Amino acid sequence: MHGNSPLNRKLILLVAIVTLLGVWLVDDPHPSFQSASIPQPITPFSAELDAEYGQAPTNTIRGSRSGTLVTLAPGQNLTTLLGKQGISQRQVALLAMAAESVIDLGRLQVGINIAVAQPAPGQHRVRLAREYGELVQATYVEGQWHVELLHVPTEQLAEEHDLVIHNSLYQDAEQNGIPNAVINSSVMALSHFVDFQRQVQPGDLMEVRFERTEVVSFKPLFSHLQNPLLLTYLRFTNAGEDYRLIRYKGSFYFPDGRLAQSFLLKTPLNGARLSSYYGNRHHPVLGYDRMHKGIDFSAPIGTPIMAAGRGVVKRANRYGSFGNAVVIDHGDGYETLYAHLNGFAEGLKPGDHVQQGDVIGYLGRTGLSAGRHLHYEVHRHGRAINPLDIKAPAQARLQGSALEGFKQQLAQLKSSDSQLASLAP
Ligand SMILES: [Zn+2]
């Protein structure tokens, strides 16, 4: 899943029906840890951008490279933005319909860069990102838009940071150039053992290793999106304890192969950002405080959602304001709920037995959801509890071929970094 994506193309032909669509913009109202700065509305193609285009595989590029990079400003819509580039209101409406199954052009993120070109008189070409590494390319020829979804090759760049905590974990991490998403993942991985509200002291030590996914071409078109980050190794020294966690197949393990997490995952998806905590929160629109009975994770639409633990599927269907939701019964009074899903794992139905880490559905924004995210709840005897408060570690341990695979990965990790060479077997 971290290799270069093969070039995957879909060609969608539009049979033109002239209907004027209202093209509107929706800001993601979800609370965010990072606020992106908004670039200037219109940036001419620079030599640098042209060079980026030149790096793309030749079969993803057709026609002229000349064109303009435009940026969606707050309060602006696609019709006015593209109108300035000579694309008519009717053509934008046709584009929205032609691209409907690939991207919702009425919900573009403010700050997104769109490349507009005129390959030949009377033709237009529009390129914009759908998710990180996914490019929508629309070409207008002879009264029709041809829409393709292109996967831009990516590379994984490993990064490592050491950190001594002086003030607060997040503040110190920021000063050391560790992305918030990495700290969130670290806090969640460690929350089975460490109470970050009370236990963290000045002088505590943290070491993180993570992979940053970068597109190798078309970079300006992805600049409004967060690079996917994956925490792969974590060391934390706190109050005389020394925790070393290694990611292996989606879960964290101690160097001796013991599972370093509870019987329920705190993060039932990979590469996500914790975007809203459990507990009372101030409603941004209604202005009053209300209880948030779960935690929210922000990640791209379609991100696989995993069963937090082994159990039996209780429901996998529409569930009121939760939209598409899955509920799993883990026994001992524990249940987990996964809401706003785009869809379910194929064939998933009540009564199915699942293991921890099995894919049960895909992230979406169904139901009463302001933006794409996973809403995740854990219940004990019918009452919601904070998923981050589950402490009891599982007794599970890797065995047989899984343990061998893990040891190989650990050996690789050690050989690539002498600092890790002191790890236990
Ligand atoms: Zn929520």
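**Why do we call it that?**

Student: Why does K314 count as partly exposed?

Tutor: Its relative accessibility is 46%. Buried means under 20% relative accessible area and exposed means over 50%, with partly exposed in between (1.4 Å probe, protein chains only), so K314 at 46% counts as partly exposed. Before we go on: this is a predicted model, where local features need pLDDT of at least 70 and side-chain atom pairs count only at pLDDT 80 or more, while totals for chains, interfaces and linings use all residues. Residues are numbered from 1 along each chain as its sequence is written, and side-chain values use heavy atoms, with hydrogens and water left out.

Student: What makes E335 and K314 a salt bridge?

Tutor: Their closest N and O atoms are 2.5 Å apart. The rule asks for a side-chain nitrogen of Lys or Arg within 4 Å of a carboxyl oxygen of Asp or Glu, so E335 and K314 pass with their 2.5 Å. E335 is partly exposed too, with a relative accessible area of 22%.

Student: Why does this pair tie together parts that are apart in sequence?

Tutor: E335 lies in strand β20 (residues 334–341) and K314 in strand β18 (residues 311–318), so the pair joins parts 21 residues apart in sequence. Strands here are DSSP runs of E with at least two residues, helices are runs of H or I with at least four, and both are numbered from the N terminus. The protein chain has six helices and 25 strands.

Student: How do you know that R107 and D104 meet in a salt bridge?

Tutor: Check the N to O distance: it's 3.6 Å, so by the salt-bridge rule the pair qualifies. R107 has 34% relative accessibility and D104 has 37%, so R107 and D104 are each partly exposed. R258 and D256 also meet in a salt bridge, at 3.1 Å. The count by this rule comes to 11 salt bridges, and R235, D242 and R244 are linked in a network of them.

Student: Why do β8 and β12 stand at the edges?

Tutor: First the sheet: five strands form an open one, in the order β8-β9-β10-β11-β12, with antiparallel pairing. β8 (154–164) and β12 (251–253) each have a single partner strand, so one side of each is left without a neighbour in the sheet.

Student: Which label does H146 get, and why?

Tutor: H146 has 22% relative accessibility, so H146 counts as partly exposed. H146 lies in strand β7 (residues 144–151). Across the protein chain, buried residues make up 49% of the 425 residues.

Technical notes:
Two strands pair if DSSP finds at least two bridges between them.
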